[in-house]
Each structure stands twice: as structure tokens, then as C-alpha cells.
Amino acid sequence: MPQIVFIEQDGTRREVDAPVGLSVLEIAHKHGIDLEGACEGSLACATCHVIVDESWWDKLKPAAEEEEEMLDMAFGLERTSRLGCQIIMTEELDGLVVRLPKLS
């Protein structure tokens, strides 16, 4: 099964199982990782904002316009910012590294 590495706000690295077909947001919730997702993945907020490691950026499908609009509301936006609800796990993303933005 593919794995994903979450780097939490305090720098803790957590490598977890990442079932194919689930979003990064769903995987985070499954493993008790503190990624909010207030709209439950309906692309109506930016609370599941994650920062994708540079080495993985080009392996992701480009963000849709709706995701880009929601990201404009995210705190701590970076060049490789994405919404966790919009990154769907595939075999090719085995080892994906995402960082949770610092809250302050």
C-alpha cells in the first residue's frame, strides 16, 4: 500500500498508509492528523491547506481554477500550496510528502 509523509506543525514526521483513491484530507483524518477540512472536502474552504514538498510538485495534477480560488484564502500560502481534499492518492504518489502550515 502507498505511504504518505505528513510533516506536522511542530516538525514531527508521520509516515502513514495511504489507500489509493482517498484524498490527502481523508488520509489525514483516518490517522488522526490535525488537518481541519471544515467543508468536508466539498471545495468550499481552505482549511485543508497543505504544502507539497518541492520534489513532489511536478508529479501532481495541476490545481483546478476552483481550488486556486480557495487557496487565495489560505493562511501561510506558499508556491507549492494545495488543498488536501483535491490531492487523490495514486500508486505513483507513494511516498508523497506534505507539510501542514504553521498556524501563526
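Two strands are taken to pair if DSSP finds at least two bridges between them. Strands (E, at least two residues) and helices (H or I, at least four) are DSSP runs, numbered from the N terminus. The structure is a predicted model, in which local features need pLDDT of at least 70, side-chain atom pairs count only at pLDDT 80 or more, and totals for chains, interfaces and linings use all residues. Residues are numbered from 1 along each chain as its sequence is written, and side-chain values use heavy atoms, with hydrogens and water left out.

The protein chain holds three helices and five strands. From the N terminus on, the elements run β-β-α-β-α-α-β-β. The C-alpha trace spans about 35 × 30 × 25 Å along its principal axes. The radius of gyration, taken over C-alpha atoms, is compared with a globule rule of 2.2 Å times the number of residues to the power 0.38. For 104 residues, a compact globule would have a value near 13 Å, and the 12 Å of the protein chain agrees. A contact is a pair of heavy atoms within 4.5 Å. Of the contacts with a separation of 6 or more, 60% are between residues 24 or more positions apart.

The five strands form an open sheet. Their order is β2-β1-β5-β3-β4, and the pairing is mixed. Strands β2 and β4 (81-83) stand at the edges with a single partner strand each, so one side of each has no neighbour in the sheet. The twist averages 35° from one strand to the next; axes are lines fitted to C-alpha atoms, for helices over the stretch in contact, and angles run from 0 to 180 degrees between N-to-C directions.

Strand β1 (residues 3-7) and strand β2 (residues 13-17) run antiparallel and are joined by five bridges. In their hairpin, five residues lie between the strands, and G11 takes a positive phi near 95°. Strand β1 also pairs with β5, here in the parallel sense over four bridges. I4 takes part on both sides. It stands opposite V16 in β2, and its bridge partner in β5 is L96.

Burial is assigned by relative accessible area: buried is under 20%, exposed is over 50%, and partly exposed is in between (1.4 Å probe, protein chains only). Buried residues make up 44% of the 104 residues. A nonpolar core is a set of buried Ala, Val, Leu, Ile, Met, Phe, Trp, Tyr and Cys residues joined through side-chain atoms within 4.5 Å. The largest such core has 30 residues, of which I4, F6, I87, L96 and V98 touch the most other members. The elements giving two or more residues to this core are β1, α1, β3, α3 (65-71) and β5 (96-99). Beyond its neighbours within four places in sequence, L96 is in contact with Q3, I4, V5, V24, V52, W56 and I87. In soluble globular proteins, nonpolar side chains tend to be buried together.

E67 lies in helix α3. It counts as buried because its relative accessible area is 1%. A polar contact is a pair of N or O atoms within 3.5 Å; within protein, one must be able to donate a hydrogen and the other to accept it, and residues adjacent in sequence count only if both atoms are side-chain atoms.

The loop between α1 (24-30) and β3 (49-52) contains T47. At 29% relative accessibility, T47 is partly exposed. Its side chain reaches the backbone nitrogen of A38 at 2.7 Å and that of G37 at 3.2 Å. Leaving aside neighbours within four places in sequence, T47 is in contact with L35, E36, G37 and A38. E40 is found in the loop between α1 and β3. Its phi is positive, about 60°, although E40 is not a glycine. E40 is exposed, at 73% relative accessibility. L43 also has its place in the loop between α1 and β3. Phi of L43 is near 60°, a positive value in a residue other than glycine. With 22% relative accessibility, L43 counts as partly exposed.

The loop between α2 (54-57) and α3 holds K61. K61 is exposed, with a relative accessible area of 71%. K61 and Q86 are 25 residues apart along the chain, and their C-alpha atoms are separated by 9.5 Å.
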